[in-house]
Amino acid sequence: MEERSFDGFSVNDLCERADLNRGTFYNHFRDKDDLLAQLEAEVMEDLERFQVQMRNLTVHELLGYRARKKPLPLLVGLFDYLREQGAFLHAVLGSGGDVGFGPRLRDSLCTNLVQSVLHERYRNDPEPSAYLGVITRWIETGMRESSEEMALIAMRLFFIKPGESIKL
């Protein structure tokens with residue numbers, strides 16, 4: 001996807017690059033769209049597990065980690081997972097990827113996961129897409145920051161007020 005865009009390669013190209021027999025490919029997938037859909041679904045299912053854990057957090061727990069300037073372990077785990085999926089996410093969120101995946105990822109990471117932990121008075125501030133913007137930028141720039149650093153940034157974003165810097 002990064003080299004040619006999703007529309008720029010065929011199943012033959014994919015099988016050749018992966019040193020895979022076309023028959024094996026078709027035993028598992030209808031076509032390359034099905035492959036992409038299944039890969040995206042796996043990411044979304046994995047993120048759902050993080051959502052379940054996030055829903056069990058309380059604002060009090062989150063504030064405790066923030067007060068100690070320690071990253072929330074669940075968020076470190078989330079960024080570790082995103083790092084593991086980094087090559088795929090970079091490709092699928094890039095210009096040659098799937099334009100429909102970004103909004104689904106935003107909904108999963110931002111609307112469902114992030115907002116589930118926020119107290120009602122913070123849910124509209126900041127705009128949830130800010131979280132995806134930070135994550136997307138992290139992915140685009142090669143994930144230089146550690147998962148712990150990103151978890152601290154995400155925690156800062158939970159309670160940031162308009163106009164405040166996200167610096168730690």
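What share of the contacts in the chain with a separation of 6 or more comes from residues 24 or more positions apart? The share is 65%, where a contact means heavy atoms within 4.5 Å.

Before I go on, a word on the basis of all this. What you see is a predicted model, in which local features need pLDDT of at least 70 and side-chain atom pairs count only at pLDDT 80 or more, while totals for chains, interfaces and linings use all residues. Residues are numbered from 1 along each chain as its sequence is written, and side-chain values use heavy atoms, with hydrogens and water left out.

Let me turn to confidence and overall make-up. The pLDDT, which is the predictor's confidence in each residue on a scale from 0 to 100, has a mean of 84 over the chain, and 82% of the residues reach 70 or more. The chain holds nine helices and zero strands, helices being DSSP runs of H or I with at least four residues and strands DSSP runs of E with at least two, numbered from the N terminus.

Of the 168 residues of the chain, 43% count as buried, and here buried means under 20% relative accessible area, exposed means over 50%, and partly exposed lies in between, with a 1.4 Å probe and protein chains only. The chain exposes about 9,700 Å², of which carbon and sulfur atoms supply 49%; accessible areas come from the Shrake-Rupley method with a 1.4 Å probe, and for residues only the protein chains shown count as cover.

Now to helix H3. The 24 residues of H3 (residues 32-55) should span 34 Å at 1.5 Å a residue, and the end C-alpha atoms are 35 Å apart, which agrees; the expected span is 1.5 Å times one less than the number of residues. The N-terminal end of H3 is capped by Asp-31, with a side-chain oxygen 3.1 Å from the backbone nitrogen of Asp-33.

Leu-47 brings us to the core. A nonpolar core here is a set of buried Ala, Val, Leu, Ile, Met, Phe, Trp, Tyr and Cys residues joined through side-chain atoms within 4.5 Å. The largest has 40 residues, and the members that touch the most others are Leu-47, Leu-75, Phe-79, Leu-82 and Phe-158. Two or more residues come to this core from each of H3, helix H4 (59-67), helix H5 (73-84), helix H6 (86-93), helix H7 (101-117), helix H8 (129-140) and helix H9 (147-158). Apart from it lies another core of five residues, among them Cys-15, Phe-25, Phe-29 and Leu-35. As background, nonpolar side chains in soluble globular proteins tend to be buried together.

A few individual residues deserve a look. Ser-147 lies in helix H9 and counts as buried because its relative accessibility is 3%. Its side chain makes a polar contact of 2.5 Å with that of Asp-80, a polar contact being a pair of N or O atoms within 3.5 Å, where within protein one must be able to donate a hydrogen and the other to accept it, and residues adjacent in sequence count only if both atoms are side-chain atoms. Beyond its neighbours within four places in sequence, Ser-147 is in contact with Val-76, Phe-79, Asp-80 and Arg-83.

Gly-97, in the loop between H6 and H7, is buried, with a relative accessible area of 17%. Gly-97 lies 95 residues from Glu-2 in sequence, yet the two are 7.4 Å apart in space, C-alpha to C-alpha.

Finally, backbone angles: most residues other than glycine have a negative phi. Lys-69, in the loop between H4 and H5, has a positive phi near 55°, and so does Met-143, which lies in the loop between H8 and H9. Which of the two is buried and which exposed? Lys-69 counts as exposed at 69% relative accessibility, whereas Met-143 is buried, with a relative accessible area of 10%. Just after H1, Asp-19 also takes a positive phi, of about 55°.
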